[in-house]
Amino acid sequence: MPVANTHSLLMRGFLTTITNPKALLFFTAFFPQFATVGGDKQVVSFLLLGLAYVVIGFVCESTFPWLVGSTAGAVSRNQTVKIRIDRVVGLAFIALDSRIWLTKR
């Protein structure tokens, strides 16, 4: 599978975001309630709210992958932690399977 370049990844993310029904609903129904009504301040308030949305989204969407990547790197280097995680996940699957098996129809 070919590796996508940064531009294609950004375009894919942008298209996914603007066609997301939740985002469309948010920006058409909820977002305008916090904008100043009427006059020149309306455009400024929309721009400031949009900028705040972008900054908060960027911080959240970049911090989470960084933390997960760091944690995954630390876990992958520690064999003991990997074994314990495998055991916990295995026990969870066994418990879920038992729950399904014991459920009466």
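**Exercise 1.** Is F26 buried, partly exposed or exposed?

*Solution.* The model is predicted. Step one: take the relative accessible area of F26, which is 26%. Step two: apply the cut-offs, under 20% for buried and over 50% for exposed, with partly exposed in between. Step three: F26 is therefore partly exposed, given its value of 26%.

**Exercise 2.** Find the aromatic pairing in the model, classify its geometry and place its two members.

*Solution.* Step one: the count comes to one aromatic pair. Step two: the ring centres of F26 and Y53 lie 5.6 Å apart and their planes meet at 25°, so the pair is stacked; the cut-off for stacking is under 30 degrees. Step four: Y53 has 39% relative accessibility, so Y53 counts as partly exposed.

**Exercise 3.** Which residues form a nonpolar patch on the surface, and where is V55 placed?

*Solution.* Step one: the patch consists of V44, L48, L51, V55, F58 and V59. Step two: together these residues have about 580 Å² of accessible area. Step three: V55 sits in helix α3, which covers residues 41-77. Step four: the relative accessible area of V55 is 43%, so V55 is partly exposed. That value also passes the patch cut-off of over 30%.

**Exercise 4.** Describe the largest pocket and state which helix gives the most to its lining.

*Solution.* Step one: the largest pocket holds about 290 Å³ of space. Step two: its lining is made up of L9, L10, G13, F14, T17, I18, N20, A23, L24, F27 and E61. Step three: α1 (6-18) and α2 each supply at least two of the lining residues. Step four: α1 gives the most, with six residues.

Note on methods: Residues are numbered from 1 along each chain as its sequence is written. This is a predicted model: local features need pLDDT of at least 70, side-chain atom pairs count only at pLDDT 80 or more; totals for chains, interfaces and linings use all residues. Side-chain values use heavy atoms; hydrogens and water are left out. Patches are made of residues with over 30% relative accessible area and no salt bridge: like charges are joined within 9 Å, nonpolar side chains (Val, Leu, Ile, Met, Phe, Trp, Tyr) within 5 Å. Accessible areas come from the Shrake-Rupley method with a 1.4 Å probe; for residues, only the protein chains shown count as cover. A salt bridge is a side-chain nitrogen of Lys or Arg within 4 Å of a carboxyl oxygen of Asp or Glu. Helices (H or I, at least four residues) and strands (E, at least two) are DSSP runs, numbered from the N terminus. Buried means under 20% relative accessible area, exposed over 50%, partly exposed in between (1.4 Å probe, protein chains only). Rings of Phe, Tyr and Trp (its six-membered ring) pair if their centres lie within 6.5 Å; planes under 30 degrees apart count as stacked, over 60 as edge-to-face and the rest as tilted. On a 1 Å grid over the protein atoms alone, a cavity is a set of points where a 1.4 Å probe fits but cannot get out, and a pocket is an open set with protein on both sides within 12 Å along at least five of seven lines; lining residues have an atom within 4 Å of a point. Grid points are joined across faces, edges and corners, and a volume is the space filled by probe spheres set on the points.
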